[in-house]
Amino acid sequence: MTDRNPYLELKRISKRYGGIAALSEVDFSVYAGEIQAVLGENGAGKSTLIKIASGVTDPTEGEVLIEGRPVRFRNPTEAMRAGVVCVFQELSLLPELTVADNLSIVDPPKWGGMIDAGAQRDRARALLKRVGCEDVHPLELVRDLPLSRRQMVEIAKALGRDPRILILDEATSALTADDVERVYAIIRELKASGVGILYVSHRMREIEALADTATVFRNGRRIETFRKGDRSVDAIIEMMIGREVTHQYPDKPAPRPDAPVALKAANLSWGREIQDVSFDLKRGEIVGLGGLDGQGQRELLLGLFGVLKGVSGSIAVDGKPIALNGPRKAMRAPLPMALIPEDRKTEGLMLPMSVRDNMTLAALPRLLGRFGIDSDKENAAVNGMLERLRVKTPDLDAPVSALSGGNQQKVVLAKWLMTAPGIILLNDPTRGIDVGTKQEIYRLMRELANQGAAILFYSTDYAELIGCCDRVLVIYDGRIRRELAGEALNERNLLQSALNIDGAEKAA
Amino acid sequence: MSGGTMSNGRYWIAHNAGVLTAVVLFAVMFTLYVSNHSAGLTPAVATTAANKAVLLALVAMAQTLPVLTRGLDLSVGMVFVMTNCIASAIVVGSVGEGLLGVVAVLAIGALAGFVNGAIVVWGRLQPIITTLATGAVYYGIALFIRPSPGGDVQSDIADLLTGQLFGTVPAALVVLLGVVLVIWIPYRRSVLGRAAYAVGSNEQAAYMSGVPVQRAKLLAYTLAGLLAAVGGLMLTFNTYSGEASAPIAGAYTLNSIAAVVIGGTSLFGGWGSAIGSIFGAFVLRTIEDLLFVFDLPPLWQPLFQGVVLLVAVSLGAFRILRVRNRLELFT
């Protein structure tokens, strides 16, 4: 492959968000007619790489070259004109428009200066046929399509742009097995016609089936590029992990199998995202939810907190079955529940409101005096929390938006701790916050568990799961794939189960 | 072409359900009105009704375009009144001079809309506050031109456009039809018109798909100004004069939003049509006429308009029953 030039080349690319490096001095190239897999853990820098290649963001440093010529994509349109087309993980379809409109969104066929609806329908039909979606009518609205069909429409849309480099970012995550086969066939066909394909997937088997070469990323750096077959699956996993555990975690107490069950979930199901999930959560226990990002962990937490409609199966809190139909109900369960949401800015905090108002929002019923909210009680509670969590804030009346990310997250925690929850659901609470705050959160979690709280903890950081949790449930495709505890709770097992290539499968 | 026209028709109905609802609602109300009118459906009755309804219909069409991009234009009523005042000053003299004045008024309306769009797009300000501010400016200009009501508009043009064609068809309706054919239909089928829907549907996805987001918004606000100016001209031709009336400006702005919603356009953007807004405007106007023929006090009009608006909005609320994740209720 060295005798010809790559179609797309990235030279010494770095990308920093604030002070955090998402990519550091990465050299990367894709050739025409090759299928290259991109591998790496959550946060290894894959998404940033794709965003730079497809013109969504600018690199902080470094150069992008197309056929040897340096280019600077100011927006996705320019990247598309240069032949780099991306099928995004978060769908880029327009829900209120028809399938035909979406497929020809940029360059629709025209007649006399106006969009030719008939020609556009025919084009849509041809593209849909190419991806084997004859069952989708061109005039259907995208919002009425199920997720798997939308993903196929997204692929059809990319094909309609005559890509020279096609980037598929987890493009098969919502597809049915039949569709996946069809996508494979399309990819091979494109490859034969000289299109270069960049394939991001967490599914090892897909990569084995498709890729010519693979590149492993870790912590924003390119670790190695190799031809398929040159490295064993074990070696690849080693490359993906490769880092040292640097965090300090509080000691874990000895397992207490006789502790009372705080939360019992049986056969929970919700669409594709949660499938027949059953588990027990005991008092004093921290149970982790592991697995790759987006396998249904978030939905599971939302479901337990009553946010999702139509969850089947049963939930019992402290031995009493409860029907969850909203956060308020969950907060009033026999053991009150609390959910620390994933996106503190949209679901956790009222950014313009003060630190005090944010902290007491969920616990106001406890702070009532004879005449509305008792400000003495409120201040006492808030000051207690500030001290306990070591929140750094200039003033109780400062808007939460003025605090650093770590301190904002502490305010979210404080808000829920004020409700004295017996069951705490944590949705990736340490994402994007500094190491010091992380360790305080670990310490706090263990402290709460020791005081009898039951904690369900989702994290995308494997080291954190290993360091903090008594047990970890690894989720894959909405199911509990494996439970890890004690000695078995290590990085290798976690990653293998997360990729769905552990023991049972390897033997088969 | 399997499935063919049959299923194309099914989708057409589904896509236009909001418009069709407004059409049916209007047909029922107007039939009720005409059948209870002492004179029945004479050309004179139809022309009077049309002249009033077309004004709001034009302003509602103007409002539709920004709403489709998930914006809002609170200045449409003020542009309407401003162009009315300007027209009363410059659409004068001979027919030729009057027509020149008409063109100038339309250009001024489009410019006012363009200013709105420019501030929204390049200034990145919220449409509501932008147009609230520019609306006040436009009203100020109107006051400056017509401190007190007056003017003497070119009456040949005025009579032609507010009378009847062939002694039967209200000319105002023909003007409205012309606006639909010359502005709305080409816009709806242009790339930038499509882009407006895309932006309203999901601005991020539109950007990611390479849709010209900024130009789409600019054009939407500019055309809104143009359409409001057409309305302002028609108002001038109806009254033969200009008046810088704050109540009229305010009422037309608010009623235009109501008409847009009754016509099945989503205030969340990306969904709807100016045709629906026209019928939404007709529905609102007919309420007034109905009160009249049933001898009900005109004081009841706001109450009835409110009820109709609530019913129309409720029809759009059925989606709540299908939401699986309760968080989606708040997006």
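Leaving out neighbours within four places in sequence, B:Ala57 makes contact with B:Leu176, B:Ile278, B:Ala281 and B:Phe282, a contact being two residues whose C-beta atoms, placed from the backbone, lie within 7 Å. This is a predicted model, in which local features need pLDDT of at least 70 and side-chain atom pairs count only at pLDDT 80 or more, while totals for chains, interfaces and linings use all residues. Residues are numbered from 1 along each chain as its sequence is written, and chains are lettered from A and ligands numbered from 1 in the order in which they are written.

B:Ala57 also turns up in the largest nonpolar core, which has 250 residues. Such a core is a set of buried Ala, Val, Leu, Ile, Met, Phe, Trp, Tyr and Cys residues joined through C-beta atoms within 7 Å. Buried here stands for 20 or more other C-beta atoms within 10 Å of a residue's own, exposed for 12 or fewer, and partly exposed for anything in between, with C-beta atoms placed from the backbone. The residues with the most contacts inside this core are A:Leu425, A:Ile455, A:Phe457, B:Ala57, B:Leu58 and B:Met234. Helix H11 of chain B (residues 213-239) gives the most to the core, with 17 residues.

As for chain B as a whole, it has 14 helices and two strands, taken as DSSP runs numbered from the N terminus (helices H or I, at least four residues; strands E, at least two). Its 331 residues would have a radius of gyration near 20 Å as a compact globule, and the 20 Å of chain B agrees with that; the radius is taken over C-alpha atoms, and the globule rule is 2.2 Å times the number of residues to the power 0.38. The C-alpha trace spans about 60 × 50 × 45 Å along its principal axes. Some 48% of the 331 residues of chain B count as buried. Of the contacts in chain B between residues at least 6 apart in sequence, 78% join residues at least 24 apart. On confidence, chain B averages a pLDDT of 89, and 94% of the residues score at least 70; pLDDT is the predictor's confidence in each residue, from 0 to 100. The model scores ipTM 0.76 and pTM 0.76.

Where the two chains meet, 26 residues of chain B are in contact with 26 residues of chain A. On the chain B side, helices H1 (4-15), H9 (191-201) and H10 (203-208) are the elements that give two or more residues, and H9(B) has the largest share, with five. That side divides into twelve nonpolar, ten polar and four charged residues, with Ala, Val, Leu, Ile, Met, Phe, Trp, Tyr, Cys and Pro counted as nonpolar, Asp, Glu, Lys and Arg as charged, and the others, Gly among them, as polar.

Over in chain A, strand E21 (residues 423-427) is mostly covered, with five of its five residues buried. A:Ile423, A:Leu425 and A:Asn427 point one way from E21(A), and A:Ile424 and A:Leu426 the other way. E21(A) pairs in the parallel sense with strand E18 (residues 337-340) of chain A over four bridges, where pairing takes at least two DSSP bridges. A:Leu426 is the bridge partner of A:Ile340. Five bridges join E21(A) to strand E22 (residues 454-458) of chain A, also running parallel, and A:Ala454 in E22(A) is the bridge partner of A:Ile423.
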